[in-house]
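Have the viewer ready and follow along.

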Amino acid sequence: MIDFSPWDALLRRYVDEQGRVDYLAWKNEQPQTLADWLSNLAEPALKLELSSKEELALWINLYNAFTISTILERYPIDSIRPKILGIPNWVAFLWFFSRPAYSFAGNRYSLAQIENKILRDKFNEPRIHFSIVCASIGCPLLRNEAYWPERVQEQLEDDVRRFINNPEKVRYDSQKETLYCSQILKWYRKDFLKIAPSVQTYIRSYLIEDLPLTSDTPISYLYYDWNLNQRMSS
């Protein structure tokens, strides 16, 4: 069993209820704590026999911790999408996700590998798209707590409801009869269609407000903000 307490303590200290991260305070006060925790998990001697819930919680925590650790190394930055002379550097941006820079139990992984080969392919769990973060404003909100095996299903449900009921991510215009939603629901559409007949019905199943959504409701996808999701120390 892996101890998520160090990661949990950092999230509780430096992430607020809106999922915003105080990178400045984190880097000034505890610059090595996260790196040290991840370094311990990188040891080849680490042998684990995990249940499905333990493994699911582990990989969500690792994805988010690896992402935040990379931001802390590079901070201060304005966006996870670098620019050259004002033009987005898409090669460097893709490298952020595809480089096998992260070690766990003697093996190296990229963020893309963790997301696609493990969390999507192995677990077939579309709710992870509202739980793993790339540190941008357009991402799901970062939980200010770790994922725990005994609560991971409940936490995933909460993540989906929080995302879909956030008007910055999903909203319905009754005058235009149009559903506006995050591009996450476009990029991973096929994952949601595995458990729902349409993206619209998937969204409706999590809405607090009963809206007249059907599979025929027009969808318009919102601008995705790649700027860094951060807050400054008060």
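The protein chain holds 10 helices and seven strands. Both kinds of element are DSSP runs, numbered from the N terminus: helices are H or I with at least four residues, strands are E with at least two. Please keep in mind that this is a predicted model, in which local features need pLDDT of at least 70 and side-chain atom pairs count only at pLDDT 80 or more, while totals for chains, interfaces and linings use all residues. Residues are numbered from 1 along each chain as its sequence is written, and side-chain values use heavy atoms, with hydrogens and water left out.

**Overall build**

Along its principal axes, the C-alpha trace spans about 55 × 45 × 35 Å.

Of the 234 residues, 51% count as buried. Here buried means under 20% relative accessible area, exposed means over 50%, and partly exposed lies in between (1.4 Å probe, protein chains only). The chain exposes about 11,900 Å², with carbon and sulfur atoms supplying 50% of that area. Accessible areas come from the Shrake-Rupley method with a 1.4 Å probe, and for residues only the protein chains shown count as cover.

Among contacts (heavy atoms within 4.5 Å) with a separation of 6 or more, residues 24 or more positions apart account for 70%.

In soluble globular proteins, nonpolar side chains tend to be buried together. A nonpolar core is defined here as a set of buried Ala, Val, Leu, Ile, Met, Phe, Trp, Tyr and Cys residues joined through side-chain atoms within 4.5 Å. The largest such core has 76 residues, and Leu 34, Trp 59 and Ile 203 have the most contacts inside it. Helix H4 (residues 52-74) gives this core its largest share, 12 residues. Leaving aside neighbours within four places in sequence, Ile 203 is in contact with Ile 164, Val 170, Leu 179, Cys 181, Leu 185 and Leu 213.

Which residues of helix H6 are buried? In this helix (residues 111-120) they are Leu 111, Ile 114, Glu 115, Ile 118, Leu 119 and Arg 120. Seen down the axis of H6, these buried residues fall within an arc of 155°, so they line one face of the helix. The arc is that of the directions from the helix axis to the C-beta atoms.

**Aromatic pairs**

A search of the whole structure finds 18 aromatic pairs. Rings of Phe, Tyr and Trp (its six-membered ring) pair if their centres lie within 6.5 Å; planes under 30 degrees apart count as stacked, over 60 as edge-to-face and the rest as tilted.

| Pair | Kind | Centre to centre | Between planes |
|---|---|---|---|
| Phe 130 and Tyr 202 | stacked | 6.5 Å | 15° |
| Phe 192 and Tyr 202 | tilted | 4.9 Å | 40° |

Phe 130 lies in the loop between H6 and helix H7 (152-164) and Tyr 202 in helix H10 (residues 199-204), so their pair ties together parts 72 residues apart in sequence. Phe 192 belongs to helix H9 (residues 189-192), so its pair with Tyr 202 in H10 links parts that are 10 residues apart in sequence. Phe 192 is buried at a relative accessible area of 0%, and Tyr 202 is buried at 3%.

Elsewhere, Phe 4, Trp 7, Tyr 14, Trp 26, Trp 37 and Trp 148 form one aromatic cluster.

**The H6–H7 loop**

Pro 140 also sits in the loop between H6 and H7 and counts as buried at 3% relative accessibility. Not counting residues up to four places away in sequence, Pro 140 touches His 129, Phe 130, Ser 131, Ile 132, Val 133, Phe 163 and Ile 184. Pro 140 and Glu 150 are 10 residues apart in sequence and 22 Å apart in space, C-alpha to C-alpha.

**Backbone details**

Most residues other than glycine have a negative phi, and most peptide bonds are trans. Ala 135, in the loop between H6 and H7, has a positive phi near 80° and is buried, with a relative accessible area of 4%. Glu 177 has a positive phi near 50°; this residue lies in the loop between strand E5 (170-173) and strand E6 (178-181) and is exposed at 52% relative accessibility. The peptide bond from Tyr 75 to Pro 76 is cis, with omega near 10°, and Pro 76 is found in the loop between H4 and strand E1 (83-84).
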